[in-house]
Amino acid sequence: MHPQARFAFRGPEILAPSSPAGGAASTAPAPWPDLPPPEGAELFPLAVGAALRAGLEGAVLAVPAETPAPAGYDWAPLRSFINAAREEHEWFPAARALALANWRAATRFCGRCGEPNGDKADESARLCPACGALQYPRLSPAVLALVRKGDTILLARNARAPVAGMQSILAGFVEPGETFEDCVAREVREEVGIEVANARYLGSQPWPFPDSFMVGFECDWVAGELAPDGVEIVEAGWYGPDAHPQLPGPGSLSRRLIERAFEEIRARSGTRAAAPETDPGAAP
Ligand SMILES: [Zn+2]
């Protein structure tokens, strides 16, 4: 017997009902149907111990690569569900499930003594039965840096952008020995050659591809001309709300930060444009 899995993953793909057209799968995840798990699959709880609370009940099934979807279902990228979700909290449990599946796949063996790992009973952690080494799920913090200059923001095209022509704000992993603010300044300098200041925290978001944790900041251009490094960033420019390249998918923190900045810029330029009408000398 096995408890029915609330989420099933094959790599970064999640099980979803087939769409009626037979094309892209539906954007809502589906529990694993009433079938035995495939050979080599792993079933684990979404949360144990004190972490087990409303919203985190249920089990996760991680199946080996190449496993076909059961009849009536498809494997769909979790990203498509994220892009379609109205509220980000709708996909956070699935994000946790994928992050745990990625982490479990990378920690089958103890990193200290090499023995097969076990699981701690009361929290999501690997416990080595041979040497007692304890390992918690890994998160890799990364900053998102939205750089502002007058009524424009910096958008850049990453060499590995998932969609051709898409541009976004800069991003980079935090390195040992630096703060988020240090990281913002360093990433911007390394990737496009400009100096920024006044990093301000705007929000965060789990991003389980495979274990990122995004922390969003806004900062101000201080000096320098844009000079993309040509390796990570192949194109960069200053854009306003009315003319800009294709943006990252809805659902991402980058998109949310960009929309927020554009709204502020629009409101500000609207105020300026409207200013003459509120002139006390004008009619009524
Ligand atoms: Zn060990």
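Biologist: Thanks! Into which domains is the protein chain divided?
Modeller: The chain is divided into domain 1 (5–106), domain 2 (109–137) and domain 3 (140–272). Keep in mind that this is a predicted model.

Biologist: Got it. How far apart are the C-alpha centres of domain 1 and domain 2?
Modeller: Those two centres lie 24 Å apart. As for contacts, seven residues of domain 1 touch four residues of domain 2.

Biologist: And by class, what residues does domain 1 have on the side that touches domain 2?
Modeller: That side of domain 1 has six nonpolar residues, one polar residue and no charged ones.

Biologist: Let's switch to the strands. What is the order of the five strands in the open sheet?
Modeller: Reading across, the order is β3-β4-β1-β2-β5, and the pairing is mixed. The twist from one strand to the next averages 35°.

Biologist: Which strands stand at the edges?
Modeller: Those are β3 (42–45) and β5 (73–77). Each has a single partner strand, so one side of each is left without a neighbour in the sheet.

Biologist: Mixed pairing, you said. In what sense do β1 and β4 pair, parallel or antiparallel?
Modeller: Strand β1 (residues 5–10) and strand β4 (residues 59–62) are parallel, with four bridges between them. If you want to find the pairing on screen, look for F7, whose bridge partner in β4 is V60.

Biologist: And β1 with β2, parallel or antiparallel?
Modeller: That pair is antiparallel, over two bridges, and F9 stands opposite I14 in β2. The two strands form a hairpin with two residues between them. In the turn, G11 has a positive phi of about 60°.

Biologist: How many bridges join β2 to β5?
Modeller: Five, and β2 and β5 run antiparallel. Among the residues involved is P17, whose bridge partner in β5 is Y73.

Biologist: Why is β2 described as largely enclosed?
Modeller: Four of the five residues of β2 (residues 13–17) are buried, so the strand is largely enclosed by the rest of the structure.

Biologist: Okay, helices now. How many residues does α2 have?
Modeller: Helix α2 (residues 92–106) has 15 residues. From its first C-alpha to its last it reaches 21 Å, close to the 21 Å expected at 1.5 Å a residue.

Biologist: Which of its residues are buried?
Modeller: The buried residues of α2 are A94, R96, A97, L98, A99, L100, A101 and N102. They pack against β1, β2, β3, β4, α1 (78–84) and β12.

Biologist: Is E66 buried or exposed?
Modeller: E66 counts as exposed, because it has 7 C-beta neighbours inside 10 Å and the cut-off for exposed is 12 or fewer.

Biologist: And what is phi of N198?
Modeller: Phi of N198 is near 65°, again a positive value in a residue other than glycine. N198 is in strand β12, and it is exposed, with 12 other C-beta atoms within 10 Å.

Biologist: Last one: where is P210, and is its peptide bond from F209 cis or trans?
Modeller: P210 is in the loop between β12 (195–207) and β13 (212–223). The peptide bond from F209 to P210 is cis, with omega near 0°.

Conventions: Residues are numbered from 1 along each chain as its sequence is written. This is a predicted model: local features need pLDDT of at least 70, side-chain atom pairs count only at pLDDT 80 or more; totals for chains, interfaces and linings use all residues. Two strands pair if DSSP finds at least two bridges between them. Axes are lines fitted to C-alpha atoms, for helices over the stretch in contact, and angles run from 0 to 180 degrees between N-to-C directions. A residue is buried if 20 or more other C-beta atoms lie within 10 Å of its own, exposed if 12 or fewer, and partly exposed in between; C-beta atoms are placed from the backbone. Domain bounds come from an automatic or database domain assignment. Two residues are in contact if their C-beta atoms, placed from the backbone, lie within 7 Å. Ala, Val, Leu, Ile, Met, Phe, Trp, Tyr, Cys and Pro count as nonpolar, Asp, Glu, Lys and Arg as charged, and the others, Gly among them, as polar. The expected span of a helix is 1.5 Å times one less than its number of residues.
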